[in-house]
Amino acid sequence: MTTNQNEGFDFTDPVGTWRTIRDANLDAWAKGMATMVNTETFSKALGIQLDTMLAASAPMQKAMNQYMEAYLKQANLPSRSEMVSLAQRMTNIEMRLDDMDARLDDILAALRALATPALVAEPAEDASAAEANPESDPATKPAARRTRRTTSE
């Protein structure tokens, strides 16, 4: 084998020659485009072009939305606006339920707080009888039932 005397250029490899030309061409285009795109003038021109295209396509988009609404209505399918409205209503219902749940928890806590001083005010004899027979104490019965239900499930 002989060494190539032509600075890395091989006449017997046409694909290699093509690659070299292609790479040089791509590098030149990349440098030129990067220089052009990074200018303020290009940004303004692109912005104006995009605004013009959006303004021109707005009537078409409006007409398309109207046709789609009519088609969905005829096919008995919900439109996007109806689905958004439904989602908002469901969110509102969920928020109301959460508020009601919080209020119910506050009411139950207040009722328990009112019932606790009445149990403390009972005579000591009743308390000792309740300790001896916990099933006779009405305050412990619901808890015992809950425990039995959860263990049987």
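1. In this predicted model, N76 is exposed, with a relative accessible area of 70%, where exposed stands for over 50%, buried for under 20% and partly exposed for what lies in between, with a 1.4 Å probe and protein chains only as cover. N76 lies in the loop between α2 (40-74) and α3, and its phi is near 55°, a positive value in a residue other than glycine. Most residues other than glycine have a negative phi.

2. A word on the ground rules: residues are numbered from 1 along each chain as its sequence is written, and side-chain values use heavy atoms, with hydrogens and water left out. Local features need pLDDT of at least 70 and side-chain atom pairs count only at pLDDT 80 or more, whereas totals for chains, interfaces and linings use all residues.

3. As to the overall layout, the chain has five helices and zero strands, so that reading along the sequence gives the pattern α-α-α-α-α; helices (H or I, at least four residues) and strands (E, at least two) are DSSP runs, numbered from the N terminus. Of the 153 residues of the chain, 2% count as buried. The chain exposes about 14,100 Å², of which carbon and sulfur atoms supply 61%, the areas coming from the Shrake-Rupley method with a 1.4 Å probe, and for residues only the protein chains shown count as cover.

4. S79, which is also placed in the loop between α2 and α3, is buried, with a relative accessible area of 4%. Its side chain makes a polar contact with the side chain of E69 at 3.4 Å, and another polar contact, of 3.1 Å, joins the side chains of S79 and S81. A polar contact here is a pair of N or O atoms within 3.5 Å; within protein, one must be able to donate a hydrogen and the other to accept it, and residues adjacent in sequence count only if both atoms are side-chain atoms.

5. E82 is placed in helix α3 and, at 45% relative accessibility, counts as partly exposed.

6. Turning to charge pairs, the count comes to one salt bridge, the term being used for a side-chain nitrogen of Lys or Arg within 4 Å of a carboxyl oxygen of Asp or Glu. D23 forms a salt bridge with R22, and the closest N and O atoms are 3.0 Å apart. D23 is partly exposed, with a relative accessible area of 35%, and R22 counts as partly exposed at 35% relative accessibility.

7. On the surface, E94, D98, D99, D101, D105 and D106 gather in a patch of negative charge. Patches are made of residues with over 30% relative accessible area and no salt bridge, like charges being joined within 9 Å and nonpolar side chains (Val, Leu, Ile, Met, Phe, Trp, Tyr) within 5 Å. Lys and Arg count as positive and Asp and Glu as negative, while His and the chain ends are not counted; the place of a charge is taken as NZ of Lys, CZ of Arg, CG of Asp or CD of Glu. D98 is placed in helix α3 (residues 80-120) and is exposed, with a relative accessible area of 54%.

8. A nonpolar surface patch of about 590 Å² is made by M83, L86, M90, I93, L97 and M100. I93 lies in helix α3 and is partly exposed, with a relative accessible area of 46%.
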